[in-house]
Amino acid sequence: MDNLISLCAEADVPSDAGLRVDLPGRPPIAVFRLEDTFHVVDDTCTHGLASLSDGYVEDGTVECPLHAGRFCIKTGAPVDGPVDTPVRVYPSQIVSGRVCISNEFLRTTE
Ligand code: FES
């Protein structure tokens, strides 16, 4: 588990909303739960300074709370509204009940 960063417990992530996670020295990221899978994306909308973890989750997408742009939570692709740039997604895995991402991947995509 040396190269993994633990973000939160599975139980911390609501099924109908995101969870913002602040990591030192980088922009926040957001964790979403879609049924029994977890997805990690950059928390900041690519259209402006809004937190996607505060957005409305529906049908596998999250709606930005500022201008209602929608992103696919699994792929980060823009799907509706004024957004045209994908939000970055991070591969995640569950380790001992915690949502984790690779420290190496995080470093190489900053
Ligand atoms: S800031 Fe997210 S859609 Fe404009």
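Predicted model: local features only at pLDDT ≥ 70, side-chain atom pairs only at ≥ 80, totals over all residues.
I start with C64, which counts as buried because its relative accessibility is 4%; buried means under 20% relative accessible area, exposed over 50% and partly exposed in between, with a 1.4 Å probe and protein chains only. Residues are numbered from 1 along each chain as its sequence is written, and side-chain values use heavy atoms, leaving out hydrogens and water.

Staying with the cysteines, C100 is buried as well, its relative accessible area being 0%. With a disulfide taken as a pair of cysteine sulfur atoms within 2.5 Å, the count is zero disulfides.

Next, the salt bridges. I use the term for a side-chain nitrogen of Lys or Arg within 4 Å of a carboxyl oxygen of Asp or Glu. How many does the structure hold? There are five salt bridges, and I will go through some of them.

R20 pairs with D43, and their closest N and O atoms are 3.7 Å apart. This pair links distant parts of the chain, 23 residues apart: R20 sits in strand β2 (residues 19–21), and D43 in the loop between β4 (37–42) and β5 (56–58). A note on names: helices (H or I, at least four residues) and strands (E, at least two) are DSSP runs, numbered from the N terminus.

R26 forms a salt bridge with D42, with 4.0 Å between the closest N and O atoms. R26 is in the loop between β2 and β3 (29–34) and D42 is in strand β4, so the pair ties together parts 16 residues apart in sequence. R26 and D42 are both buried.

E63 forms a salt bridge with R70, the closest N and O atoms lying 3.6 Å apart. Here E63 is partly exposed, at 26% relative accessibility, and R70 is buried, at 11%. Salt bridges with shared partners also join R20, D22 and D43 into one network.

E63 takes us to the sheets. E63 is in β6, where it is the bridge partner of Y56. Strand β6 (residues 61–63) pairs with β5 in the antiparallel sense over three bridges; two strands pair if DSSP finds at least two bridges between them. These strands belong to an open sheet of four, in the order β5-β6-β7-β8, with antiparallel pairing. β5 and β8 (78–80) are the edges, each with a single partner strand, so one side of each has no neighbour in the sheet. On average, neighbouring strands of this sheet are turned by 30° against each other, direction ignored. For these angles, axes are lines fitted to C-alpha atoms, for helices over the stretch in contact, and angles run from 0 to 180 degrees between N-to-C directions.

The other open sheet has three strands in the order β1-β11-β10, with antiparallel pairing. Its edge strands are β1 (4–9) and β10 (92–95), each pairing on one side only. The twist from one strand to the next averages 35°. β1 and β11 pair over five bridges, and the bridge partner of I5 in β11 is I101. β10 and β11 pair over four bridges. In their hairpin, two residues stand between the strands, and S96 takes a positive phi near 50°.

R98 lies in strand β11 (residues 98–102) and is the bridge partner of V95. Is R98 buried or partly exposed? R98 is partly exposed, because its relative accessible area is 33%. Which residues does R98 touch, leaving aside neighbours within four places in sequence? R98 is in contact, meaning heavy atoms within 4.5 Å, with S6, L7, C8, A9, E10 and Q93. The side chains of R98 and S6 are joined by a polar contact of 2.5 Å. That term covers a pair of N or O atoms within 3.5 Å; within protein, one must be able to donate a hydrogen and the other to accept it, and residues adjacent in sequence count only if both atoms are side-chain atoms. R98 and L66 are 32 residues apart in sequence, and from C-alpha to C-alpha they are 30 Å apart in space.
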